[in-house]
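Hi,

Here is the structure I promised to pass on. Please have a look at it first; my notes on what turned up follow below.

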Amino acid sequence: APITTERVQMLNDIGFQWDAISNGKLIGNRNNTTWTTQYEELREFKARVGHCRVPHRYEESPSLEFWVRQQRCDYNQLKRGKHSPMTTRRIQMLNDIGFEWDVSSREEATGKDTDATWTTRYEELKDFKARMGHCRVPHPFRGNPSLAFWVRQQRCDYNNLKRGKHVRMTTERIKKLNDIGFEWDTSLAKGRKKCDDKAWMKWYGKLEEFYACEGHFRIPSTQRALKDWLSGQRIQYRMAQENEDRKITTEKIELLNSLSIDWSVAQEDSSNAMRDSQ
C-alpha cells in the first residue's frame with residue numbers, strides 16, 4: 001500500500017533518512033550532515049549581519065543562498081501535505097535563530113534594505129565617519145557586523161545599477177552617500193587586488209579592525225602578536241627608506257597609508273618586532 005502523508009510526517013519527526021545508503025554513507029545532497037553544515041553556516045551569517053536573509057546571488061557562498069531557498073520550499077511542501085525532508089526538529093532549529101519562512105516581498109527575498117533599515121544603517125555610517133574620518137568600514141567588523149555587510153551591499157547595488165540591473169539603489173541614496181564622502185571604488189579594494197600575500201593581509205585586516213574600533217594604533221600588550229607585527233612593518237618601512245634590504249612592497253605601504261598610519265617606531269617595540277613581520 002502507498003505510504004500516507006501522516007506516516008511520512010511521523011517518520012520525519014524522528015529523523016528518518018529517506019536517501020539511500022551505500023557503503024555506510026548517505027546518497028543525496030540533503031542528508032543530515034549536509035543540512036547541519038549549512039545550518040551552522042547560516043548561524044555564522046546571522047551572527048555577522050544580524051538576520052537570516054541571505055542575499056540573492058550571494059557570491060560569498062552560493063550554496064548557502066540555494067540552501068536557504070530550499071528550506072522555504074521544503075517547508076511549503078510540508079504544509080501542503082507533500083513528501084518533504086523538512087522535519088519538526090529542523091523547523092525548531094531554524095525558528096531558534098529567527099529564520100523567516102514567509103519572504104513576502106522582493107526586497108526581503110533579495111536581502112535588500114527597506115527604507116527604514118537603510119536610513120538606520122546610513123546614520124550608523126555617518127557616526128562611523130565622524131569618529132574615523134572616512135567611510136571605509138572594515139569587513140568583518142565586530143563593532144557592528146550589520147554595518148559592514150550593509151556598506152558592501154551598497155557598493156554591490158551601485159555596480160549592479162550601472163550594469164542596468166534592478167536594485168534598490170536610487171539617485172537619492174547615491175547622493176546621500178556621496179554627501180558623506182562614501183567611496184564607491186575604494187583605494188583599499190584596489191590595494192587588496194595588488195597584494196596577494198594572504199598571511200600579510202590577514203594581519204592587515206586585524207590592524208584595520210583595531211583602528212576602526214579604537215581610533216588609534218596604540219596596541220596594548222594583551223594583543224602582543226598584532227603589536228609586534230605592526231612594529232615589524234614600521235621597521236621594514238624605515239629600512240626601505242634607508243635603501244636597505246627591502247621586504248615591504250609599495251602596495252603594502254599604500255595599504256597602511258590608507259589607514260593614516262604613523263610610521264615612527266618606538267624603541268621599546270623594536271626588539272621583538274621582526275618576529276611576526278612576515
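Do keep in mind that this is a predicted model. The largest nonpolar core has 40 residues, and those touching the most other members are Leu125, Leu177, Leu207, Trp229 and Leu256. At least two residues of this core come from each of α6 (115–132), α7 (145–162), α8 (171–179), α10 (198–214), α11 (224–241) and α12 (250–257). With seven residues, α10 gives the largest share.

Beyond its neighbours within four places in sequence, Leu207 is in contact with Phe217, Ile219, Leu226, Trp229, Leu230, Leu256, Leu259 and Ile261. Another core lies apart from this one; its 21 residues include Cys52, Val54, Leu94 and Ile97.

Just after α3 comes Gly81, with a positive phi of about 80°.

Which residues of helix α4 (residues 88–96) are buried? They are Arg90, Ile91, Met93 and Leu94. These lie on the same side of α4, because they cover an arc of only 165° around the axis. Arg89 and Asp96, on the other side of α4, are exposed. The cover over the buried residues of α4 includes α2 (32–49) and α3. After α4 comes Gly98, again a glycine with a positive phi, near 80°.

Best wishes

How values were computed. Residues numbered from 1 in each chain as written. Predicted model: local features only at pLDDT ≥ 70, side-chain atom pairs only at ≥ 80, totals over all residues. Heavy atoms only, no water. Core = buried A, V, L, I, M, F, W, Y, C linked by side-chain atoms within 4.5 Å. Buried < 20%, exposed > 50% of the residue type's maximum accessible area, 1.4 Å probe, protein only. Helix = DSSP H or I, 4+ residues; strand = E, 2+ residues; numbered from the N terminus. Contact = heavy atoms within 4.5 Å. Arc of directions from axis to C-beta.
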